[in-house]
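Here is a short report for a reader coming to this model for the first time. Please look over the sequence and structure before reading on.

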Amino acid sequence: MSTVRFLKARDIAPWLEELSRDRTVLAPAQHGGTIVFCEFDPARGVELSQLSTTPAKRALLPPCETLFEYETTKTLEPPYKTHVELRPTLPQGKAVVFGARPCDARAMQIFDRVYNGEQVKDPYYTARRNNATIVTLACSEQDDTCFCDRVGGSPVDATGSDVLLTPLKAGYVAEALTPKGEELLQSTSFMKAEGLRQEALNARNRILEHVPERSSFLDMERNLLSLFGDLGFWDKTAEACLSCGACTYLCPTCYCFNITDETRGESGRRIRTWDNCMSSQFTLEGSGHNPRPTKAHRMRNRIGHKFSYYPQLHDKTLACVGCGRCVSNCPVSFDIRNAVACAIQQADAAREHAHD
Amino acid sequence: MPVLEGKELRIVGFLCNWCSYGGADTAGVGRFAQPTDLRVIKLPCTGRVNPLFVVRAFLNGADGVLVSGCHPGDCHYTAGNFYARRRLEVLRELLDVMGIQPERFHYTWVSASEGQKWKQVVSDFTARIHELGPATSFSSCAAVAVETGMKTAI
Amino acid sequence: MSQHTLELRKLIAEALPGLDVVLAWTSGFSPMTSTPLFIATDEDLDRLDFGPMHVQNLAAYLPSLKGRKVGIVTRGCDSRTIIELLQENLINRDEITIFGISCTGAINIRKVREAVGGEKLRSVETGKDIVSVTTDEGTHTVPLHNVLMDKCYSCQSQTPLIHDHMVTERTGCHLTGEAPESSLDRLDAMEPAARFAFWEESMDRCIRCYACRNACPLCVCKDSCVAQSRDPHWLDQSDTPREKLMFQAIHALHTAGRCTECGECERACPMGIPVLAMKQALNRRIKHLFDYQAGMDEESTPPLFMFRQQEEHIKERDAR
């Protein structure tokens, strides 16, 4: 039987401080008027009342990481040659992600299939993944932009978590789901709480009862593929989009990257940074040709990737966890739920029309 | 060349090729002694100075930035310094709102024959920067934003 | 539906057959949000709505629609953007049809959240001079004056300065007292070192999404922006406050003398960074130096596109 403990709300900060001594701790905190996932700072504390604006993905895929450093030197013999020294910079050390939501934790599984799959193992990602422990906080309720239930998740889903925290009374019931989780719960910040296992389960069931009955977005491949050639539909869908990157960088499942060499004089570093498929330059080729020149193309790709191409390659797993950050933070209030629902309608209408 | 520890501060100068660079040359020929903190970048005209050069210099660690060109009305390219005058006056406000002390940026007009004036400009400006001390730099903890989540090997 | 919205619909319905598209607003995913509406058919027109929650500056779409016959619903602040775009020949006057509407203020949803102490918003209703906010804890009544967008406090004109059609059913002033302290006021009161620390901290949470840039009606370089250019290499791609602050400086200087303070940059920022403050500071300086404000007069030239041999407010520089 997995370990069950209780963590009082007021013991969170001291526990995180204790953890910070030998590992990096990432937790949501108030930063200006916004809640962001960042390194735990005792002066700032943690903010768990609402979904953070930025997702927890930076623990595994930071916005910027150094792949290696390089230095060029001229050799004495022969004098016309330059010697390049490369210094790899693999991540080291352990990390704890505290206060991820079920959507954040599920999203990390989406990265695993890509970065830690059978054919390709990214050493930077796997180093971080193997050394990170995810402590997930179940949500007491859904926001009006949440739709985890429509993409195969739920506010209390434990997928991807090492420890699941269920809010109860003046604290949280903590349940270990993996050996990494067990190790964390040995801390003296937690109280014994075997008797609370059932209460926690009841609390989660009560939360689930409030999740509304609504249609799911699973199994969209056929619909979306049938709309691939209908650029008029995508034009209309994307007309208000500004092609910024807010949705991409706030999305817990977006994982595209760019690699650049940043040189200063004789030395520099090769860095990998988040990239954004909504930007017009994303697919710009060296020849000058751009296969996705318009917003319509890029919107088709974004929605297609999340709801069609990725599921086709990965056992029907959607590359969207329904966190709603893209919806609530978009400057023009673009609603991906609406777009997907319209796509279903449009595809159905097209099929009916074809049968006439 | 490395900055002499504790002795020199980093002062960048954008000089126009015709008047100010000539003026600096005149100062050199006349053997006028001046502090060596200033590192000159030669441009054809102050009209070529993108005010963002100044911002970039400050954000990269400059303690002071000086721009010098022909006197208004005497620009080698007729109107370059008229544009520069407008742009650099607007730039002063940007530096101020960003939190870069406005005294760290100075622009002036020095003609090719004004070697003595050039020596004075450099001496006075360098003294002013030394009085202000090194500029505020980005704190090391914010620089850690490069790698969040895990500490790197280096 | 309010009288002015009905009148607006009527005006647009009449003009629609002669236009390719009309830009307006409709409600977003909740009554507290709005989305730009691109009206091409009567069906689209049925979705039109207008109110204090409808905040996007629709003029931002005009440069990309150049060459087509476009109608646009315009408030006072939006009209300044249109005039600025005309000043710079980024749009053609004969291609746009302006439906003018006077505005009694646009609501800043962040300020609403602050006013109710961060409680979760359920709904927001606007009345005369007040806003009724229902949260999980109950209903609060907040004076409208306290939760307007920053730009509303320095509103130059509630009615558009330029229009082809005008909706008549609007009256009332939204400004009932002193403007609350703005970010620029707070920055003014700080020492330089504190200001620098403030920007360093703000840029720390910046995610470099370029929403500020893409929402800006004047940022027309979008695809060729120097922020992403490798040659010239203005910016590193690294995620540091240094590079991100440099980008803000680039954006502020590239819009100097052109920015009409529509506030979209700040509104679009998902991280709540007060990026408008830098542009407001430059506009203030330009007003002092050249007695000029962007977007007021179609015929005038932006001050940094020109020069005078004798500058009234620039003292001749001396050696000191």
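The sections below take up confidence, domains, a sheet, a helix pair and a chain contact.

## Confidence in chain A

This is a predicted model. Chain A has an average pLDDT of 93. In that chain, 99% of the residues score at least 70.

Helix H6 (residues 221-226) of chain A has the lowest mean, 88. Strand E8 (residues 132-137) of chain A has the highest, 97.

The contact between them takes 34 residues from domain 1 of chain A and 28 residues from domain 2 of chain A.

On the domain 1 side, strand E4 (64-74) and helix H2 (102-115) of chain A each supply at least two residues. E4(A) provides the largest share, 9 residues. By class, this side of domain 1 of chain A has 18 nonpolar, 7 polar and 9 charged residues.

## A sheet in chain C

Chain C holds an open sheet of 5 strands, in the order E2-E1-E3-E4-E8. The pairing is mixed. Strand E2 (34-39) and strand E8 (165-166) of chain C are at the edges. Each has a single partner strand, so one side of each is left without a neighbour in the sheet.

Inside the order, strand E1 (residues 21-27) and strand E3 (residues 70-74) of chain C run parallel, joined by 3 bridges. Leu23(C) has Ile72(C) of E3(C) as its bridge partner. Helix H1 (residues 3-15) of chain C packs on the sheet and touches E1, E2, E3, strand E4 (96-100) and E8 of chain C. The direction of this helix makes about 165° with that of E4(C).

## A helix pair in chain B

Two packed helices are described by the angle between their axes and the distance between the axes. Helix H1 (residues 20-29) and helix H4 (residues 115-132) of chain B pack at about 95°, with axes 7 Å apart. H1(B) and H4(B) are therefore roughly perpendicular.

H1(B) makes the contact through Gly23(B), Ala24(B), Thr26(B) and Ala27(B). H4(B) brings Gly115(B), Lys117(B), Trp118(B) and Lys119(B). The contact residues divide into 3 nonpolar, 3 polar and 2 charged.

## Where chain C meets chain B

Here 36 residues of chain C are in contact with 35 residues of chain B. Helix H7 (192-205), helix H9 (241-254) and helix H11 (276-290) of chain C each supply at least two residues of the chain C side. H9(C) gives the most, with 8 residues. This side of chain C has 24 nonpolar, 3 polar and 9 charged residues.

How values were computed:
Residues are numbered from 1 along each chain as its sequence is written. Chains are lettered from A and ligands numbered from 1 in the order in which they are written. This is a predicted model: local features need pLDDT of at least 70, side-chain atom pairs count only at pLDDT 80 or more; totals for chains, interfaces and linings use all residues. Two residues are in contact if their C-beta atoms, placed from the backbone, lie within 7 Å. Helices (H or I, at least four residues) and strands (E, at least two) are DSSP runs, numbered from the N terminus. Ala, Val, Leu, Ile, Met, Phe, Trp, Tyr, Cys and Pro count as nonpolar, Asp, Glu, Lys and Arg as charged, and the others, Gly among them, as polar. Axes are lines fitted to C-alpha atoms, for helices over the stretch in contact, and angles run from 0 to 180 degrees between N-to-C directions. Angles under 35 degrees count as roughly parallel, over 145 as roughly antiparallel, 65 to 115 as roughly perpendicular and the rest as oblique. pLDDT is the predictor's confidence in each residue, from 0 to 100. Two strands pair if DSSP finds at least two bridges between them.
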